[in-house]
Amino acid sequence: MGSLLTRLTKIFRGSPLYYERIEGVRFGIHQLDFLSLNLPPICNYHCDFCFIPRASENPTHHTEIHKNSLTMDEYTSLIRDARALGVCHIEISGEGEPDLPLFRPILTHIIRTATVLGIHTTVFVNGSWLDENLLHFLKDTDSSVAVSIKYTDPEKYNRSVGIRDAYRHVERNLETARLALGGYAELKGCHVYRLAINSTILKNNEEDNLRLRRYCEERDIFFHASTLIPRGKTEGATIDRARQDALSRELSMSSIITAASSRDSLGFPVCGTFYYGLGINYDGQVLFDAHADDSLGIIGNVREIGLTEAVRRQQALRDAFYHEGGISYCPLRDIRYPNFINQYGKETQ
Ligand code: SF4
């Protein structure tokens, strides 16, 4: 494993660390720095500890989703408004698989609109649909891609995503992605990557994570291993929190999550896209955090309240979370979170 010094010189383009270290950005000066856009909760995988409902198996749900989704024009206005508030980065990471062919027109529309406005985009994908067309588009728009992979053992991988032969496709697509987006740029003494593999620390993938890290080192791909968000089916899928944190630090080339700008306000680094950003669901519902589907309905819908009010409400809730004792860089990984969100959920009913 690399030394701390080695790790610090490797940065994922689009991470909060990239903006702070390479572009000299200090977050929190503008009203908003990050925007997270969730495309609909539909996925081709059936991961054994996914926390979204199995929407892909429910055709009624599909029709509802289609009816409620933000339109291209609404995305254009939203991204323009976000830019006016200061957003420099858009992340598309959930809740389903944003790279499904079904979503490709909307995905490319978001990225194209953002690029024209000078906003950089990162897409988190499962890797099963990455093809040359999309990869060239991502290259041309200078976007970043993080592929989520937790196992290098094909059998374990296929079993965990519930698809026979899935690993073979991802392995092949990853190689195509490496040819298009792999490598790094040398900027301010750091190696800056725009293709990453993002894993998770689980009970049964320590060896896989070591192999993934080696695979990335040998191919000039960025590697990050996250701790697990403890919810629903995921409880019990991993090891104790302190060991997860230690492994995440050891294995990851650097953090793709935390921003140091919050040291002044909170005294510790926090998740940049949460603390300095806003998550919007596919139907315009504003989220406490991009992955906090249990916060749906608490803040309001951006279609009705507008982006400025959405930011004001989310930041009031965010500040309440830390005022009431939140201590984690990520609220969803904080033991106080379930009580906090239940309490605010009830108050808004
Ligand atoms: S707050 Fe936690 S769950 Fe949300 S985006 Fe950040 S790291 Fe992920």
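Biologist: Which residues surround the ligand in this predicted model?

Modeller: The ligand is surrounded by Ile229, Ile257, Cys271, Thr273, Phe274, Asp289, Ala290, His291, Cys330, Pro331 and Leu332.

Biologist: What makes strand β8 largely enclosed by the rest of the structure?

Modeller: To be buried, a residue needs 20 or more other C-beta atoms within 10 Å of its own. Six of the six residues of β8 (residues 195-200) are buried, so the strand is largely enclosed. In a regular strand the side chains alternate between the two faces of the sheet. On one side of β8 the buried residues are Leu195, Ile197 and Ser199, and on the other they are Ala196, Asn198 and Thr200.

Biologist: Which strands pair with β8?

Modeller: Strand β5 (residues 144-148) pairs with β8 in the parallel sense over four bridges, and Ser148 stands opposite Asn198. Strand β9 (residues 222-226) is also parallel to β8, over five bridges, with Ser199 opposite Ala225. Two strands pair when at least two bridges are found between them, so both of these cases qualify.

Biologist: Why are β9 and β13 called edge strands?

Modeller: The open sheet of eight strands has the order β9-β8-β5-β4-β3-β2-β12-β13, with mixed pairing. Its edge strands are β9 and β13 (286-287), each of which pairs on one side only.

Biologist: What is known of β4, and is it mostly covered or uncovered?

Modeller: Five of the six residues of β4 are buried, and the strand is mostly covered. Strand β4 (residues 120-125) runs parallel to β5, joined by four bridges, and Thr122 stands opposite Ser144. Strand β3 (residues 89-92) is likewise parallel to β4 over four bridges, where His89 has His120 as its bridge partner.

Biologist: Why does one side of β1 and of β6 lack a neighbour in the three-stranded sheet?

Modeller: This open sheet has the order β1-β7-β6 and mixed pairing. Strands β1 (10-12) and β6 (184-187) stand at the edges with a single partner strand each, so one side of each is left without a neighbour in the sheet. The twist averages 35 degrees from one strand to the next. Strands β6 and β7 (residues 190-193) are antiparallel over four bridges, and Ala185 stands opposite Val192.

Biologist: What makes the phi angles of Asp142 and Asp220 worth noting?

Modeller: Most residues other than glycine have a negative phi. Asp142 has a positive phi of about 60 degrees, and Asp220 has a positive phi near 55 degrees. Asp142 lies in the loop between α6 (132-140) and β5, and Asp220 in the loop between α9 (206-219) and β9.

Biologist: Why are Asp142, Asp220 and Asp334 called partly exposed?

Modeller: A residue is buried at 20 or more C-beta neighbours within 10 Å, exposed at 12 or fewer, and partly exposed in between. Asp142 has 13 such neighbours and therefore counts as partly exposed. With 14, Asp220 is assigned to that class, as is Asp334 with 17.

Biologist: Where is Asp334 placed, and which residues does it contact beyond its neighbours in sequence?

Modeller: Asp334 is in the loop between α13 (302-323) and α14 (337-347). Leaving aside neighbours within four places in sequence, Asp334 is in contact with Gly326, Ile327 and Ser328. The C-alpha atoms of Asp334 and His120 are separated by 29 Å.

Methods:
Residues are numbered from 1 along each chain as its sequence is written. This is a predicted model: local features need pLDDT of at least 70, side-chain atom pairs count only at pLDDT 80 or more; totals for chains, interfaces and linings use all residues. A residue is near a molecule or strand if its C-beta atom, placed from the backbone, lies within 6 Å of it. Helices (H or I, at least four residues) and strands (E, at least two) are DSSP runs, numbered from the N terminus. Axes are lines fitted to C-alpha atoms, for helices over the stretch in contact, and angles run from 0 to 180 degrees between N-to-C directions. Two residues are in contact if their C-beta atoms, placed from the backbone, lie within 7 Å.
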